[in-house]
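Please look over the sequence and structure below before reading the dialogue.

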Amino acid sequence: MKNQHLTTNQGAPITDNQNSLTVGRDGPTLLQDHIFLEKLAHFDRERIPERVVHAKGAGAHGFFKVYKDMSKYTMAKFLNNPTKETPVFVRFSVVIGSKGVADTVRDVRGFAVKFYTEDGNYDIVGNNLPIFFIRDAIKFPDLIHALKPDPISNIPGDSAKNNRFWDYISLTPEATHMITWLFSDLGTIKSYRTMKGAGVNTYKWINFEGESKLIKYHWIPMAGEKTIDRFEAEKLAGIDPDIASRDLFDTLAKGKTVDYELRVQMIDEDEDDLDFDPLDATKTWPEKKFPLMPVGMMTLNRNPQNFFAEVEQVAFAPSAIVPGIGFTNDKLLQGRLFSYTDTHMHRLGKNFLQLPINRPIVPINNNMQDGPAQYLPNKGTTNYNPNSLNNGNPHPVPFSGKPEKVKAEGTIKRREIEKTNDYEQAGERYRSLSKTQRDHLVSNIVDALGYAKKDIQYRMLNNFLKADQDFGRRVAKGLGLNH
Ligand code: HEM
């Protein structure tokens, strides 16, 4: 390898970066030692704010290929051409703990995919579980506060054994369904390669005719789905806390690939004979009625070259969509459309989309300018539209589809959705589990809820009984509660 000279960040040669500059052997260090000051000042600023949720993660590069032209359903170009490989970057994450959290703790896992398409970046920012705790984004800060460490002691502990968490959940009936997923063994994993993914929110696919369908995304791991039980999870948290991150890195470093199939469920927008609201993120869509249609394959094949530059600085946003994809009135999604870009500006700065990992592969043309860390300035003097000095450039793109039909009218008010149906799917889910899975679910809940105050335990019990009598009775027995 060629010899490299040590330099400052200004490019000046450094003759010694191990001894600071002093007057005489024992004299004070000089303020003029710019080499020393630059080195310390840079070190002092190495950390950026950790993500407010999903702080610990692991990432990988790869590509996505659609199986066949999906233009019947969506005009998204990356879903229209089966010969095309669209580059992707994926970040898997643990939600609640800070950056040093163990990979195996009971938690939801993030599954975020960035597609670098010819129409700009498209992000599917999903999780491993197909539903969520709440259905309205205005509740999200409360949910996360209840899960994160106590604001007085700041003791992270085990968020599943947190009195404050159960207090909040017991007063949030729509979360009962999520508890039946999170406290099954799907809440404890040791590999991201054997974990499913889900978009959770309801999006739209829109075709060239302006026709749209409601859709939900699913990622199916080609290596099969695997979980561990809480005893193994607790043991691994002690002896091998980074097991899932390392497993992904080592697999790719050995030249192997990690593959997930993208599948989609669809519902017609005028479908109204369901006993739940298809825009409610606390609900699954029954697979028998709405089968999972295979769409394409994602292949991860390359590790990041630098963790900070790529995994830490990558910025996903549900609002990053391309033509052919649409938003719905899913109230959780609507809030997410604001929150991610807002936090990126805080975490990474206004020009975060100029970072190589976030930069679209297509040219960016508009008149937005300046701001901190601007290094892709627009060229020329006509930084405004309309203009004649630059032939009107950049021009709006002619619209190629048909306008989407949306109906919206009503009084402006804060209100719940109509079909809340908070317990039915929780009961169905319990009854769909095998005997062993039910045993683990009940035992995991009893273990964690046992740390909560009695009145909170009773409130939770009431919710479980409403979901399924047997489920509730077994939790009551485990906790020694009367019912
Ligand atoms: C209203 C509900 C939600 C809000 C307000 C919200 C907000 C946030 C915020 C602020 C971040 C940090 C982003 C960053 O610093 O880069 C984040 C990360 C993330 N969220 Fe959400 N979130 C919500 C619900 C969800 C749901 C339902 C999912 C799954 C479908 C999800 C998946 C993720 C993932 C995967 C990340 C990590 C992205 C990465 O790897 O960088 N979130 N969320």
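Predicted model: local features only at pLDDT ≥ 70, side-chain atom pairs only at ≥ 80, totals over all residues.

Q: Which protein donor does the iron atom of the ligand have?
A: Donors are N, O and S atoms within 2.8 Å of the metal (3.2 Å for Na, K and Ca); water is not among the atoms, so sites may look incomplete. Here the single donor from the protein is Y340 (OH), 1.8 Å away from the iron atom.

Q: Is T188 buried or exposed?
A: Buried means under 20% relative accessible area, exposed over 50%, and partly exposed in between (1.4 Å probe, protein chains only). T188 has a relative accessible area of 1% and is therefore buried. By contrast, L31 is exposed, at 73%.

Q: What does the side chain of T188 reach?
A: A polar contact is a pair of N or O atoms within 3.5 Å; within protein, one must be able to donate a hydrogen and the other to accept it, and residues adjacent in sequence count only if both atoms are side-chain atoms. The side chain of T188 reaches the backbone oxygen of I228 at 2.6 Å.

Q: With which side chain does the side chain of R135 make a polar contact?
A: The partner is the side chain of D280, at 3.0 Å. R135 counts as buried, at 4% relative accessibility.

Definitions and conventions. Residues numbered from 1 in each chain as written. Heavy atoms only, no water.
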